[in-house]
Amino acid sequence: IFKIFLIIFLLIMANNLIVKLIERLGDTDEERLKKSNQIASGVMLINTLSQIYLKIKKDAQFQFPVYYDKINGYNKEEITELLGKLTVTNSKLQYTIGNAKIDYKPLNSNCGCEPMFTNILSGSYSCKSKFSNVNVANTMILFSGITLLSHLLISTILFKKYLIWIKKDKTNFLRWIEYFFTSSIMITSIVGLTGIMNVEEIAPLIILTGVTNMFGLAIESIKSNKPKYMNVKKILFVSGFLTQGYPWFRILQSFRKRIQEQNNFFDITEEILNENQHSELEVVLRQNIKNFRGIQKIITSSTISLFISYFIFPYIMYKQYFKGIVTSKKYCRGEIEYIAASIISKTSLVWQIFGGAFREN
């Protein structure tokens with residue numbers, strides 16, 4: 001709980017600091033808006049180019065599979081059978097099939113499906129055919145690239161039209177279109193990294209995330225401040241929390257389940273190892289389990305910060321639209337806050353997820 005409040009506090013403070021710095025960049029709203037979009041373009045350009053470089057030079061190739069069916073956890077009998085066929089060669093785990101030794105264990109033959117492979121310490125497996133592989137590095141490069149393109153267009157060829165949208169229409173159409181794509185890309189990566197791998201579940205979560213941003217566009221498009229129209233805005237705002245809340249409910253639920261399954265896998269493995277101590281296999285497995293438990297803590301903190309970062313944007317909308325009349329000056333202030341949030345939270349989001357690209361398959 002302390003970590004959650006600390007992350008919220010730091011994100012809000014960082015966002016407010018960026019806003020204050022941006023407001024010092026010019027004497028007029030026009031100057032501040034242009035320079036803030038230029039800064040956002042520069043930051044996302046650095047993100048995009050550095051991610052491309054790291055993907056090529058550092059082999060950031062982590063992929064997560066998307067299946068047609070649900071992921072199953074190993075039971076004690078399966079783990080016992082698995083450990084009985086594990087050996088260590090040059091400090092590397094291998095699985096024995098007949099006279100052959102391989103680096104990964106095939107799926108349980110009782111599944112009635114074609115043999116597929118799963119990492120020995122993943123703690124779960126799938127029986128049916130794979131739908132696709134999602135490369136985390138590629139999705140984050142695409143995410144950064146789309147955000148870069150949006151801010152670049154606004155700060156260059158679309159700037160005059162952008163000023164009309166902000167000063168007159170008080171609606172940034174391009175922002176919501178960009179969010180529609182980038183948030184959907186981001187949620188795809190998050191669901192995969194936290195253990196949701198069923199294509200029939202991933203697709204609705206992506207769609208709900210996209211719809212959430214259309215609610216935001218609808219709220220901005222309603223200009224009347226009459227009570228009945230304000231009630232419509234409130235309904236849309238609450239609906240946005242529902243459409244974005246469900247994906248995060250499933251993400252956190254799935255993440256908790258996967259951690260439990262992995263810990264169960266580790267506990268049973270350690271229980272079996274206690275009965276067969278002082279072997280090279282025991283030493284290697286215990287070290288691997290220790291490493292994975294350390295990774296769990298990092299992933300847990302990252303997931304919490306990702307969750308909090310996602311809800312900075314509705315917080316800005318709440319201040320902008322539901323605390324008094326939306327004047328042109330107030331809308332400009334809100335726009336600068338959105339840009340600051342884009343710089344802070346998206347950079348944080350993208351690098352935490354991109355870091356998963358260096359995980360072993």
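Modeller: We take helix pairs, then ring pairs. This is a predicted model: local features need pLDDT of at least 70, side-chain atom pairs count only at pLDDT 80 or more, and totals for chains, interfaces and linings use all residues. Residues are numbered from 1 along each chain as its sequence is written, and side-chain values use heavy atoms, leaving out hydrogens and water.

Biologist: How do I describe two packed helices?

Modeller: Use the angle between their axes and the distance between the axes. Axes are lines fitted to C-alpha atoms, for helices over the stretch in contact, and angles run from 0 to 180 degrees between N-to-C directions. Helices are DSSP runs (H or I, at least four residues), numbered from the N terminus. Take α2 (residues 29-57) and α11 (residues 328-354): their axes lie 10 Å apart at about 10°. That makes α2 and α11 roughly parallel (angles under 35 degrees; over 145 is roughly antiparallel, 65 to 115 roughly perpendicular, the rest oblique).

Biologist: Which residue classes make up the contact of α2 with α11?

Modeller: There are 13 nonpolar, six polar and four charged residues. Ala, Val, Leu, Ile, Met, Phe, Trp, Tyr, Cys and Pro count as nonpolar, Asp, Glu, Lys and Arg as charged, and the others, Gly among them, as polar.

Biologist: How do the axes of α2 and α5 cross?

Modeller: They come within 11 Å and cross at roughly 120°, with α5 spanning residues 159-169. The two helices are therefore oblique to each other. In α2, Asp-29, Glu-30, Leu-33, Lys-34 and Asn-37 meet Phe-159, Tyr-162, Leu-163, Ile-166 and Lys-167 of α5 (contact means heavy atoms within 4.5 Å). Those residues divide into five nonpolar, one polar and four charged.

Biologist: Now the rings. How many aromatic pairs does the whole structure hold?

Modeller: A search finds 19. Rings of Phe, Tyr and Trp (its six-membered ring) pair if their centres lie within 6.5 Å; planes under 30 degrees apart are stacked, over 60 edge-to-face, the rest tilted. Trp-248 and Tyr-310 have ring centres 5.5 Å apart and planes at 65°, so they are edge-to-face. Trp-248 sits in α8 and Tyr-310 in α9, 62 residues apart.

Biologist: Is Trp-248 buried or exposed?

Modeller: Trp-248 is buried, at 1% relative accessibility (buried is under 20% relative accessible area, exposed over 50%, partly exposed in between, with a 1.4 Å probe and protein chains only). Tyr-310 is buried too, at 9%.

Biologist: What about Phe-313 and Tyr-338?

Modeller: Their centres are 6.5 Å apart and their planes at 15°, so this pair is stacked. Phe-313 lies in α10 and Tyr-338 in α11. Both are buried.
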